[in-house]
Amino acid sequence: MKKSALRLFQITDSHCYSVDDRPLEWLKDQTVYPNQTLQSVLAALRTNQQPEHAAVIVSGDLVQEETAASYQRCNQILNTFPLPVHVIPGNHDVPELMQANLNGNIRYCEPIQLEGWQIILLDSSETDREEGHLSGQQLADLRQQLGVYPEKHALIFLHHHPVLVNSPWMDSMRLQEAEAFWDVVADFPQVKAVFCGHLHQEFIGSACVGGQVVPVYGTPATCVQLKLHTPTYMLDHIRPAWRDIVLYPDGTVETQVHYLTLPA
Ligand SMILES: [Fe+2]
């Protein structure tokens, strides 16, 4: 059988509410309805969907208000999309509520096995903490998962960034066990890239481990974007975004962020 490229969509940080007409409360001078921007992004994904697209990955902060009703509305919105939707929690999420209220097309932290590729989704959230954590057991599980398919190329998704982004306030909320995480990745040269959310900004970085450079991609939110390289939190802009990822049989990864054009 002829092998061809595969594709994934990544969306992140939707910060949904239980109702669509509620604006994000932490914006001062702008009015943004996160449920509506998520729906606009999903509509754009449908327009841009190719036969090679295998799944949508939602990398955390699905809701702004951590209630069952918020997840139920998010569940309805995400289930309109005609592909499996794989979700991981962020610092604004409650894993138990996610698991209890997301169903249908939605898979919680479930790895994706594709021809020639393994996609691993990690839960870096911790109750009542803004920063990211991976336990010793999670790191052991990651090692085990990567060890099962040494012949497959691999991608890893987690909410929190595992490298510094040169933004003190944001970096205080990074993955705290980054060194231990990269120690695991260093032993598996099949890991081709790591993708995160959390930043509300596009980011391209890397880690040099195990004699190879592993790219780290931060994906902007479906709601609003924040400035990096600032001493404190500042809004950057309100264009919603998503990421398209192309996976080639030889392990090459191509990826691009797309922004919605807002009506004037
Ligand atoms: Fe977020």
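## Ground rules

Two strands count as paired if DSSP finds at least two bridges between them. Strands here are DSSP runs of E with at least two residues, helices are runs of H or I with at least four, and both are numbered from the N terminus. This is a predicted model, where local features need pLDDT of at least 70 and side-chain atom pairs count only at pLDDT 80 or more, while totals for chains, interfaces and linings use all residues. Residue numbers start from 1 along each chain as its sequence is written.

## The whole chain

Let's start with the big picture: the protein chain has six helices and 14 strands. Its radius of gyration is 17 Å, close to the 18 Å that the globule rule gives for 264 residues, so the chain is as compact as a globular protein of that length. (That radius is taken over C-alpha atoms, and the rule is 2.2 Å times the number of residues to the power 0.38.)

How much of the chain is buried? Of the 264 residues, 40% are, where buried means 20 or more other C-beta atoms within 10 Å of the residue's own, with C-beta atoms placed from the backbone.

## A six-strand sheet

Six strands line up as an open sheet, in the order β5-β6-β7-β8-β10-β9, with mixed pairing. β5 (112-114) and β9 stand at the edges with a single partner strand each, so one side of each has no neighbour in the sheet. From one strand to the next, the twist averages 20°.

Now zoom in on one pair. β9 and β10 run antiparallel and share seven bridges. Phenylalanine 203 sits opposite glycine 218 in β10.

## Helix α6 on the sheet

α6 lies across β8, β9 and β10, at about 65° to β9 (axes are lines fitted to C-alpha atoms, for helices over the stretch in contact, and angles run from 0 to 180 degrees between N-to-C directions).

Which residues of α6 (178-186) are buried? They are Phe181, Val184 and Val185. They share one side of α6 because they cover an arc of only 100° around the axis, judged by the directions from the helix axis to the C-beta atoms. As a rule, an α-helix has 3.6 residues a turn, so residues three or four places apart point the same way. The buried residues of α6 pack against α4 (136-148), β8 (191-196), β9 (203-209) and β10 (212-218).

## Around leucine 122

Leaving aside neighbours within four places in sequence, leucine 122 is in contact (C-beta atoms, placed from the backbone, within 7 Å) with several residues, including Ile88, Leu134, Ile156 and Phe157.

Definitions and conventions
A residue is buried if 20 or more other C-beta atoms lie within 10 Å of its own, exposed if 12 or fewer, and partly exposed in between; C-beta atoms are placed from the backbone. Two residues are in contact if their C-beta atoms, placed from the backbone, lie within 7 Å.
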